Amino acid sequence: MKKFVILGGGYGGLTIALNLLEKDIPDDTELIMIDRSPFQGLKTEYYALASGTIAETHIRVAYPDDSRLQLVYGEVSDVNLETRQINFHDKEPISYDWLVIGLGCVDSYHGITGAQEFSSSIQTLAQTRATYQKINNINPYGQVSIIGGGLSGVEMASELRESRPDLNIRLIDRGPSLLSAFPTNLQQYVREWMIEHHIELRTQVSLVRLDGGDLYNQDEIIRTDATIWTAGIQPTPIVEALNVPKDRQGRILLNEYHQIPNFEEVYVVGDCASLPFSPSAQAAQAQGKQIAEVIQAIWKGDAPKLGKIKLRGTLGSLGKKSGFGIMGKRTLMTGKIARMLKSGVLWKSKRHFG
């Protein structure tokens, strides 16, 4: 039997599995998906879990119950592209004929001393659970500092304000403005919302060190009871260890079919892939759909034909009652409608509707 192995059951990996299961899988081929968790966690909502406004069951998505899909749970240690083998910390290796690497990302600490040791994360479910406990144990009127003024930082700050109105919340960024990748008028809307809801904004802060509750902005010491890190991501150590061409962010360079050029039996999806747009759940799902199309064409003996990936836009939340977004390249929206749209996207994701 040949083995098509999907490494990682996140947005990209699960999309590939679902699309393949909608079609005929060759009788001589096994479809295997490997993950350390028995369900997908909707990572775009981890900020709400960390804040305490939702239960974990709200963002769990069951993997497909299909006899053609073999689910394997375990902690992967490394991937050997030369021998076509996946190695584990806790079980025997698995070989493959085709492989999809969809392992997601980890926090990027930009070489800042103490950042990893003295901050909390929302990158994995385990880390998010620990962050929730950390926040939950802060005494009333304590100080929380969120590092990173991008989408994750903004959503974390606004949701935490809704969950813990007693806390002092500070949002720190090294740039001159929050949401620097968004249009100026949208940045202004979010800034005004933050000020109205008594969230302290600190921009152009250059952290050089974290030491317990002390954040060092050059010579200035910023005191905090808890620090949450949302200041950038990078591919996982397993991907970092692969000796293949990568871009400046450490993401794997791919050919037009999302394959590693010198290992065309290996596909890369999501945060580990070098794409012409920023990593996102939407991008991973769109790429995953194309990878499924490529492998189906290969199985049929046809030449793959792919179109250009087009993203629909970006949506963000400001608590449960407000939000913001960009649809296409120009259409901006703010307020309740944007929040309702994001809730609708979450509803569809939980039901495998994309």
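Predicted model: local features only at pLDDT ≥ 70, side-chain atom pairs only at ≥ 80, totals over all residues.

**Helices and how they meet**

Start with helix α7, which has 20 residues and reaches 29 Å from its first C-alpha to its last, close to the 28 Å expected at 1.5 Å a residue.

How do helices pack against one another? Two packed helices are described by the angle between their axes and the distance between the axes. Take α1 (residues 11-21) and α7 (residues 281-300): their axes come within 7 Å and cross at roughly 40°. The two helices are therefore oblique to each other, and the crossing of α1 and α7 is right-handed. On the α1 side, the residues in contact are Y11, G12, T15, I16, N19 and L20, and among their partners in α7 are A281, A284, G288, I291 and W299. By class, this contact has nine nonpolar, six polar and one charged residues.

Now find a second pair, α4 (residues 151-163) and α5 (residues 184-196), whose axes come within 11 Å and cross at roughly 30°. Angles under 35 degrees count as roughly parallel, so α4 and α5 are described that way. Their crossing is left-handed. Here V154, A157 and S158 of α4 meet V190, W193 and M194 of α5. This contact has five nonpolar, one polar and no charged residues.

Conventions
Residues numbered from 1 in each chain as written. Heavy atoms only, no water. Axes fitted to C-alpha atoms, helices over the stretch in contact; angles between N-to-C directions. Helix = DSSP H or I, 4+ residues; strand = E, 2+ residues; numbered from the N terminus. Parallel < 35°, antiparallel > 145°, perpendicular 65-115°, else oblique. Left-handed = near helix turned anticlockwise from the far one by under 90°. Contact = heavy atoms within 4.5 Å. Nonpolar A, V, L, I, M, F, W, Y, C, P; charged D, E, K, R; others polar. Expected span 1.5 Å × (residues − 1).
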